[in-house]
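Welcome! Please look over the molecule shown here, then try the exercises and compare your steps with the solutions.

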Amino acid sequence: LERLNLVSGCEYFVDGNFEAFFENLNYYGTRLSKLQVDTRAVARSLEIGYEICEPYLAALGPEQRTEAQASLDTLSSTTFVTVSGAYFDTQKKELGALLSVLDAELTAANLEAVLHDVLRVTTTTFNATLGIVLLRDLDTDILRAKAAVGFEIAMDEDLRINLGQGFSGSIAATGEPGILPDLSQSNGVLNPLLRDKARALWGVPLKHGDEVIGVVLIGFGRPYEWLPTERELLRAIADRSALAIVRARMTDALREREARIAELSARL
């Protein structure tokens with residue numbers, strides 16, 4: 001909120017750099033939205049800034065005072081409109097991400113395509129540099145890498161992670177999101193490939209009902225702490241993705257069964 005006030009604006013106004021000022025408003029407006037700060041708090045903050053200016057306006061001459069008040073009114077209203085626009089754009093992006101996952105569920109040809117589409121949507125939404133989907137074997141407590149983006153080499157399909165083991169195994173065991181905001185400060189068990197490629201990791205469980213069927217991990221090239229809205233959006237994407245994965249699995253199983261029936265019929 002402090003970055004929206006007149007003092008911060010003066011840093012740009014003295015150089016006539018209004019474009020940078022509005023970039024500043026958009027950036028902090030987006031952060032305020034992700035921090036779930038009510039827009040009424042933004043409006044009240046601007047009012048307080050105006051009230052602080054009033055004693056200084058009283059010392060001006062009538063003409064200067066009128067001009068200064070008009071400028072402050074314009075600044076306050078323009079700031080609020082710009083920040084509100086940032087809120088709207090953030091919410092639009094969140095809705096777009098969820099619709100993209102739904103589209104992947106409806107159009108993907110098989111489970112593999114669903115997994116890659118889910119990773120593409122997730123990494124693009126959060127500007128992540130890499131992503132991995134780990135699925136739990138249907139009859140064991142082992143997680144296996146089934147899809148990955150952001151790696152020069154393919155992920156080892158034989159990679160096995162036991163439930164409760166390491167970062168992703170703990171997420172699968174607890175069914176709760178996890179974060180490693182700075183891997184340089186983390187001493188836990190982590191795949192060397194991840195530690196070499198990322199500086200921060202976010203992870204969420206893929207849950208179908210009360211059952212954890214896998215884990216989604218996304219990584220960033222810099223230390224990165226998530227904000228409340230980002231955590232909730234990632235979880236919502238994971239919940240939608242889990243449903244898509246379950247349906248894709250059922251579809252693949254049905255196709256395999258139909259193929260077997262056709263083969264048996266041909267033999268008969």
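**Exercise 1.** Describe how helix 3 and helix 4 are arranged relative to each other.

*Solution.* Step 1: the axes of helix 3 (residues 39–58) and helix 4 (residues 62–107) come within 11 Å and cross at roughly 165°. Axes here are lines fitted to C-alpha atoms over the stretch in contact, and angles run from 0 to 180 degrees between N-to-C directions. Helices are DSSP runs (H or I, at least four residues), strands likewise (E, at least two), numbered from the N terminus.

Step 2: helix 3 and helix 4 are therefore roughly antiparallel (angles over 145 degrees).

Step 3: on the helix 3 side the contact (heavy atoms within 4.5 Å) includes T39, V42 and L46; on the helix 4 side, R65, L72 and F80 are among the residues taking part.

This is a predicted model, with residues numbered from 1 along each chain, and local features need pLDDT of at least 70, side-chain atom pairs count only at pLDDT 80 or more, while totals for chains, interfaces and linings use all residues. Side-chain values use heavy atoms, leaving out hydrogens and water.

**Exercise 2.** Is N24 buried or exposed?

*Solution.* Step 1: find N24 in helix 2 (residues 18–34). Step 2: its relative accessible area is 7%, so N24 is buried (under 20%). Step 3: leaving aside neighbours within four places in sequence, N24 is in contact with R3 and Y12.

**Exercise 3.** Work out how strand 2 pairs with strand 1 and with strand 3.

*Solution.* Step 1: strand 1 (residues 130–136) and strand 2 (residues 142–149) pair in the antiparallel sense over 6 bridges (pairing needs at least two DSSP bridges). Step 2: a hairpin of 5 residues joins them. Step 3: strand 2 also runs antiparallel to strand 3 (residues 160–162), through 3 bridges, and I142 stands opposite N162.

Definitions and conventions: Parallel < 35°, antiparallel > 145°, perpendicular 65-115°, else oblique. Buried < 20%, exposed > 50% of the residue type's maximum accessible area, 1.4 Å probe, protein only.
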